[in-house]
Amino acid sequence: MRARRGILARAAVIAVVGLVTISPLYWMVAVAFSTRAELLGGRELRLWPREVTLGNFDRVFASFPVATWFSNSVAISLVVMIVSVTTSLLAGYAFSQLRFPGSTALFFVALATLVLPVQVIMVALFRIVTGMGLYGTYWAVILPTTASAFGLFLARQFMLGIPRELIEAARLDGAGHLATFLRIVLPLSRPLIAVLAFMSLLSSWNDFAWPLIALKENRLFTLPIGLLYLQGQSGSDYGATMAFALINIVPIAVVFLLFQRYFIAGFARSGIK
Amino acid sequence: MPSPTPEFASRPAGDVRREDGRSGAARGRAGARPRRPGSRREALAAYGFIAPNYVLLLVFVLIPLAGALVVSLQRTDGFGAGEFAGLQNYARLWSDPLFWRALGNTVLFTLIVTPVSMAFGLVAATLLNTALPARPLFRSILILPMAVSGVATALIGVLVFDQNSGVLNKLLGAFGLPAVTWQSDAGPAFLSIVLVTVWWRTGFNMLIYLAGLQGIGPDLHEAARLDGANTLQRFRHVTVPLLGPTTFFLTVLNVIYSFQVFDIVFVLTGGGPAGATSVLVTYAYETGFVTRDQGYAAAIGMILFLFALLFAAAQWRASRTRDVVE
């Protein structure tokens, strides 16, 4: 009886928290699928549309290069994901399993860059990117975005947990460092790879601050930059803005919900808990 | 796989082989780094492994950082070469009320958002770690905001908090409460960016706390229950202490993110009204790319970086002392 009441109390609390969390998302969906006058027009409160319409989506697709922006986002975040997962795994192996002069100093330098907001270096970074001839290409966003130490940090934490005997055994069998990395460390790092891949996919899909500076041409925009541009063009057309916001959110949200178990499991094993 | 202790987790990279008997003995004898056959090759291999990551960091982070330091000593609009201005930009900061406002807002924002979103995350994770109906559904709902881009989050905020047509003021009105001036008054505007950010951030904290809770076996709770501890006492004396390393990790991450809050402020309030919600990163951005006072913008950025570094170092030290004490 007491346990039952406990469950009810906990369920009530979590239901309230869940309701508060989902409400803004519900409101976005409701506004995206209704005419402007209906939900936002009058002074009185209306919480759902009488009639569902796709008009907002039609307007967005008719006036903006949605497909281009979408494929820009896909291309940029996939390349960022592949590059940053690879570089993080390689560096994580060195910092967790190899001994080399300067490792501590190098590790702390990488850690220090974690607290560096891009706005601090944006002026100088912009000059470098322009000087390298990258401005006006995807690479102006991709390369600076992959220059991060977060993945390195996670990879090192995770790989410190790999039993030393396995590494030593491979070394005694005459395996080189690359072979040890490929045959022993990588297969054991699957939960880590899931976390790294998803974290970099999520952050580059939603990245805003640097792409805002690096992408000036409409044809190169990613979805978040396109979203801000669209909002600037449409003014108070909230229906169109929310329709496009949904196009930005839904793909990554689906990936996230499908893989959340692996994500939690990967974090649980990465040694930062 | 053995679960790493906090001491283990905060160990610097050079010490990873502390439990390696050979190197421990060597260190004991000579007090220096052990030299083993092939260690030169090992070092070369290591540099090869870290090269891709560090070349990227060097070109796109460290060189620009050095560049920012140089620019912060110049007066420049970004076109042509700047002129050397010494520490003038830093001296200007001292008497710039907008800078102090942005600094104060950044600190206040961090001090509110970090503990609030972490507390919500911890409570939600603890609840979702017990027997509950529809648990996967609630977990999915709570982490959903994490997948929403900052721009979209802020635009949903614009929609909800609009003081004339926003649904929040209409809801308040339906309960007979007065409308809140979310855009025209400083306090409500600041509150709106705090609320939106807490909504956005709680899911991530919950997720990491859930991962941490998975590492706590049921036997400790069982033992505490047999000793007569009630639910609240078990939470206070079993769950919270065992989540210490998770809390440390999340504190550092949340403070870093809060110092860097940009999307939400830039899109939701633009720093307004009259600088009331301006933070250091938005102020640096406006100064550098809108008013194009790039030397001054770089100086603001360097101060911001210094603050963040000092904080991170303080956290690091605190965690190390705590590990020694425990």
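Of the 326 residues in chain B, 40% count as buried, where buried requires 20 or more other C-beta atoms within 10 Å of the residue's own, exposed means 12 or fewer, and partly exposed lies in between, with C-beta atoms placed from the backbone. Please bear in mind that this is a predicted model, in which local features need pLDDT of at least 70 and side-chain atom pairs count only at pLDDT 80 or more, while totals for chains, interfaces and linings use all residues. Residues are numbered from 1 along each chain as its sequence is written, and chains are lettered from A and ligands numbered from 1 in the order in which they are written.

Chain B has 15 helices and two strands; these are DSSP runs numbered from the N terminus, helices being H or I with at least four residues and strands E with at least two. Its domain assignment, from an automatic or database source, gives domain 1 (32–71) and domain 2 (90–325). The C-alpha centres of these two domains of chain B lie 33 Å apart. Among the contacts in chain B with a separation of 6 or more, 67% join residues 24 or more positions apart; a contact requires C-beta atoms, placed from the backbone, within 7 Å.

I turn to the interface. In it, 86 residues of chain A are in contact with 91 residues of chain B. Helix α14 (residues 238–269) of chain A supplies the largest share of chain A's side, 15 residues. That side divides into 61 nonpolar, 19 polar and six charged residues. Here Ala, Val, Leu, Ile, Met, Phe, Trp, Tyr, Cys and Pro count as nonpolar, Asp, Glu, Lys and Arg as charged, and the others, Gly among them, as polar.

How do α14(A) and α9(B) pack? Helix α9 of chain B covers residues 186–214, and the two helices pack at an angle of about 60°, with axes 8 Å apart. The axes are lines fitted to C-alpha atoms over the stretch in contact, and angles run from 0 to 180 degrees between N-to-C directions. The pair is therefore oblique, as angles under 35 degrees count as roughly parallel, over 145 as roughly antiparallel, 65 to 115 as roughly perpendicular and the rest as oblique. From α14(A), I264(A), F267(A) and A268(A) meet L207(B), I208(B), L210(B), A211(B) and Q214(B) of α9(B). By class, this contact has seven nonpolar, one polar and no charged residues.

Conventions: Contact = placed C-beta atoms within 7 Å.
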